[in-house]
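Here's a quick briefing to read with the model open beside you. Take it one topic at a time and look for each feature as you go.

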Amino acid sequence: MEPTTNGATMYCLYAFNGEMMCFVHVLLNALDMHDKGTGCVIVFEGASVKLIPELESGKSPFSPLYFKAREAGLIDGACKACSAKMGVLEAVEASGLDLLDDMSGHPSMSSYMVRGYSIITF
């Protein structure tokens with residue numbers, strides 16, 4: 001997703017933590033920022049990639065938040081290397097999320113920074 005706010009601070013929320021309760025706060029904050037007109041995207045990195053199959057299944061009580069964020073275009077993608085290492089690469093591919101791998105198989109923070117995003121890690 002390309003930044004679209006006219007010179008305002010935009011945020012890339014890097015979710016590393018694989019705990020669902022932590023990731024829910026990534027979703028809530030991204031949706032809140034979006035609703036208030038602040039540009040933001042979410043990147044699944046590290047252990048958080050393991051949450052994708054559960055959220056995609058629709059069986060998680062947090063799936064509606066996840067799908068709301070997806071529909072709003074807030075999820076930029078998931079780390080390809082971590083998806084492979086965590087055994088969820090096929091599930092992530094099946095989800096249709098972009099696999100991010102521009103830094104030795106991982107998503108590069110600097111690529112977001114040069115596009116104007118400030119990085120927040122969870």
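**A helix across the sheet**

Let's start with helix α1 (residues 20–35), which lies across β1, β2 (40–44) and β5 and runs at about 160 degrees to β2. Keep in mind that this is a predicted model. Altogether, the protein chain has six helices and five strands.

**The overall picture**

- If you draw a box along the principal axes, the C-alpha atoms of the protein chain fill roughly 40 × 35 × 20 Å.
- Of the 122 residues in the protein chain, 41% are buried.
- Take the contacts in the protein chain with a separation of 6 or more: 72% of them come from residues 24 or more positions apart.

**The sheet**

- In what order do the five strands sit in the open sheet? They go β4-β3-β2-β1-β5, and the pairing is parallel.
- Here's a bit of background: strands of a sheet pair through backbone hydrogen bonds, either parallel or antiparallel.
- At the edges you'll find β4 (99–100) and β5 (117–121), each of which pairs on one side only.
- Strand β1 (residues 10–15) pairs with β5 in the parallel sense, over five bridges.
- To see part of that pairing yourself, find Tyr11, whose bridge partner in β5 is Ser118.

**Two serines to look up**

- Ser83 belongs to helix α4 (residues 80–85).
- Is Ser83 buried or exposed? Its relative accessibility is 0%, and buried means under 20%, so Ser83 counts as buried.
- Leaving aside residues up to four places away in sequence, Ser83 touches Val49, Ala78, Val88, Leu89, Val92 and Leu99.
- Ser83 and Ala47 are 36 residues apart in sequence, while their C-alpha atoms are 8.4 Å apart in space.
- Now hop over to Ser104, in the loop between β4 and α6 (109–113).
- Ser104 has a relative accessible area of 74%, and the cut-off for exposed is over 50%, so this residue is exposed.
- The backbone of Ser104 is worth a look too: its phi is near 55 degrees, a positive value in a residue other than glycine.

**Aromatic rings**

- How many aromatic pairs does a search of the whole structure find? The search turns up six.
- The rings of Tyr66 and Phe67 have their centres 5.1 Å apart and their planes at 65 degrees, so this pair is edge-to-face.
- Those are the kinds of values to look for, because a pair of aromatic rings is described by the distance of the centres and the angle of the planes.
- Tyr66 is buried, with a relative accessible area of 0%, whereas Phe67 counts as partly exposed at 27% relative accessibility.
- Elsewhere, Tyr14, Phe16, Tyr112 and Tyr117 form one aromatic cluster.
- Tyr112 also has Arg115 lying over its face, at 4.5 Å from the ring centre.

Conventions: Residues are numbered from 1 along each chain as its sequence is written. This is a predicted model: local features need pLDDT of at least 70, side-chain atom pairs count only at pLDDT 80 or more; totals for chains, interfaces and linings use all residues. Side-chain values use heavy atoms; hydrogens and water are left out. Two strands pair if DSSP finds at least two bridges between them. Helices (H or I, at least four residues) and strands (E, at least two) are DSSP runs, numbered from the N terminus. Contact means heavy atoms within 4.5 Å. Axes are lines fitted to C-alpha atoms, for helices over the stretch in contact, and angles run from 0 to 180 degrees between N-to-C directions. Buried means under 20% relative accessible area, exposed over 50%, partly exposed in between (1.4 Å probe, protein chains only). Rings of Phe, Tyr and Trp (its six-membered ring) pair if their centres lie within 6.5 Å; planes under 30 degrees apart count as stacked, over 60 as edge-to-face and the rest as tilted. A charge sits over a ring if NZ of Lys or CZ of Arg is within 6 Å of the ring centre and within 35 degrees of the ring normal.
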